[in-house]
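The entries below keep to what I looked up.

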Amino acid sequence: MRLSSHQRRLAVSATLLAVIAGGVLPATAAQAATAAPASATPVPTTGQPAPGPVAPDLEALTQVLRNTTAAGAPGAMARFTGPDGVQTRVEGVRDRSTGAAMDPKARFRIGSVTKTFSAVVLLQLVDEGRIELDKPVNSYLPGLLPDDRITVRHLLSHRSGLADYTNAMFEHTVPGFEAVRNKVFTYQELVGLSLAEPRTTEPGAAYRYSNTNFVVVGMLIEKLTGKPVAKEYERRIIKPLKLRDTSYVHPGTAIKGLHVNGYLHPDEEGAPLVDSTEQTVSWAQSAGAMISNAADLSTFTSALVRGKLLRPGTLDAMLTMSPTDTTNTRFYGLGLRRYDLSCGTQVYGHTGTVQGFYTYTFTTRDGSRGLSAMANTSNRGQANTALGGTLEAAFCGKRPAGPAAVSGAAGTTSVRGFAPAPAEADLPERR
Ligand code: REX
């Protein structure tokens, strides 16, 4: 049965509520589930006493990766770095045609983790006095947006109300993907697609995740620096942090060097996976087109929270969070997420979804512990939810609720794992 995107959204919300009611979420999250509307004004939320570090459960990490492959990912990996060094775990394959095993050093497409890189570049321009967070976007890009009240901060916090053009683009997953796989869009074209749709909120009124925001961030970076975003990522982040496996090759289509192949699940249950490794990712650009690996992502997020990339004031602005859903465990700052885990630990980072790749990269506030995990599939909500369990295993030493339960009948694959309490934007079937 094919559900409309609205039906899918309702089903996902119902699942989330059922899980909360069933007590899988920690009690505090369940109690808070009716509070904290996503439209609440952002407030600094740094007042909680930090709980003591909990050792990672590496067997649980392995179990989570097994659940992820049982849920339909050809392979999955996790890399944890903490006081006892680096621990990596892999399951399955990175290339289905050769059968090559998943490799924790391999490169992959990081999707929206790119947004954190874009936010850092723009916030460095704030540090340099070249742009102000609370000024209208139109004062830097005259006439671009239909509303002079939309500010730079609204873009970085997903509060502009600019529609996410990717919802319509990928309404039909494989045809949508194949239509843009080799396409090269200008930023202006992508903004045009968004502006052809009604805006979702008044400027500043509410959090509504939209790729359009970070396309405009890319435009701002290029306008202010006079350079392509690729050069700015390179000069400001990749080189200083020596991220040798990180790149922005748009509109190139290949992932160079040792890499993971990505496999997209079609909407039709049982249809063969589509190898989606090669694509321009032009539909996302500064909102999602970067390539990296697990080690580089942890170096990046750790350096960020340790204040190596931004001045204290701009880092504070980036870490000023507002809820993205009603569980009060998921927050968004400026190009950065915060997840409040079941053991009380707060972790900062981002998630990513690009055809064939799910990514999670998160660090503790002091940068001393970090987790990067990926699975080489997408459009497979169960696999993404299962992979999210790496955070609980790594930062809370928690096992998933049970092994993957995969029934034989098409469309009934289910995974019992951690509560699917990702931010709404991670919800796999959101279209
Ligand atoms: C595009 C469609 C998903 C994926 C998307 N990705 O908006 C951005 C991103 C760049 O990484 N966002 C994530 C496709 C969620 C984040 O911020 O955490 N889905 C797929 C469909 C559905 O085609 N019909 O699953 O590959």
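Which are the buried residues of H11? I wrote them down as Ala294, Asp296, Leu297, Ser298, Phe300, Thr301, Ser302, Ala303, Leu304 and Val305, where buried means under 20% relative accessible area, exposed over 50% and partly exposed in between, with a 1.4 Å probe and protein chains only.

Before going on, I noted that this is a predicted model, in which local features need pLDDT of at least 70 and side-chain atom pairs count only at pLDDT 80 or more, while totals for chains, interfaces and linings use all residues. Residues are numbered from 1 along each chain as its sequence is written, and side-chain values use heavy atoms, with hydrogens and water left out.

**Entry: the chain**

I looked up the secondary structure of the protein chain and found 13 helices and 15 strands; helices (H or I, at least four residues) and strands (E, at least two) are DSSP runs, numbered from the N terminus. Of the 431 residues in the protein chain, 58% are buried. I then checked contacts, meaning heavy atoms within 4.5 Å, and among those between residues at least 6 apart in sequence, 72% join residues at least 24 apart. The protein chain exposes about 16,500 Å², of which carbon and sulfur atoms supply 54%; accessible areas come from the Shrake-Rupley method with a 1.4 Å probe, and for residues only the protein chains shown count as cover.

For spans I used an expected value of 1.5 Å times one less than the number of residues in the helix. Helix H11 (residues 294-305) has twelve residues that should span 16 Å at 1.5 Å a residue, and its end C-alpha atoms are 17 Å apart, which agrees. H11 is mostly covered, with ten of its twelve residues buried, and just after H11 I found Gly307 with a positive phi of about 80 degrees.

Helix H4 (residues 113-127) has 15 residues and should span 21 Å, and the 22 Å between its end C-alpha atoms agrees with that. Because 15 of the 15 residues of H4 are buried, this helix is largely enclosed by the rest of the structure.

Helix H13 (residues 381-396) reaches 23 Å from its first C-alpha to its last, close to the 22 Å expected for its 16 residues. H13 is mostly covered, since 14 of its 16 residues are buried, and Gly397, which follows H13, has a positive phi near 60 degrees.

**Entry: the ligand**

How many residues surround the ligand? I noted 22, the closest being Ser112, Phe170, Tyr209, Thr351 and Ser378, where a residue is taken as near if one of its heavy atoms lies within 4 Å. The largest share of this shell, four residues, comes from strand S10 (residues 346-354). By class, the shell has six nonpolar, twelve polar and four charged residues, with Ala, Val, Leu, Ile, Met, Phe, Trp, Tyr, Cys and Pro counted as nonpolar, Asp, Glu, Lys and Arg as charged, and the others, Gly among them, as polar.

I next looked for N and O atoms facing the ligand. A backbone N or O atom of Phe170 lies 2.6 Å from a nitrogen atom of the ligand, and an N or O atom in the side chain of Asn211 is 2.9 Å from an oxygen atom of the ligand. For Ser378, an N or O atom of the side chain is 2.5 Å from an oxygen atom of the ligand. The protein covers 98% of the 630 Å² of accessible area that the ligand has on its own.

**Entry: Ser378 and Thr377**

Ser378 lies in strand S13 and is buried, with a relative accessible area of 2%. A polar atom of its side chain lies 2.8 Å from the backbone nitrogen of Gly356. I also noted that Ser378 and Gln355 are 23 residues apart in sequence and 5.7 Å apart in space, C-alpha to C-alpha.

Thr377 is also placed in strand S13 (residues 377-378), and at 0% relative accessibility Thr377 counts as buried. Leaving aside neighbours within four places in sequence, the residues in contact with Thr377 include Gly72, Ala73, Pro74 and Ala383.

How values were computed
Polar contact = N/O pair within 3.5 Å; in protein donor to acceptor, adjacent residues only side chain to side chain.
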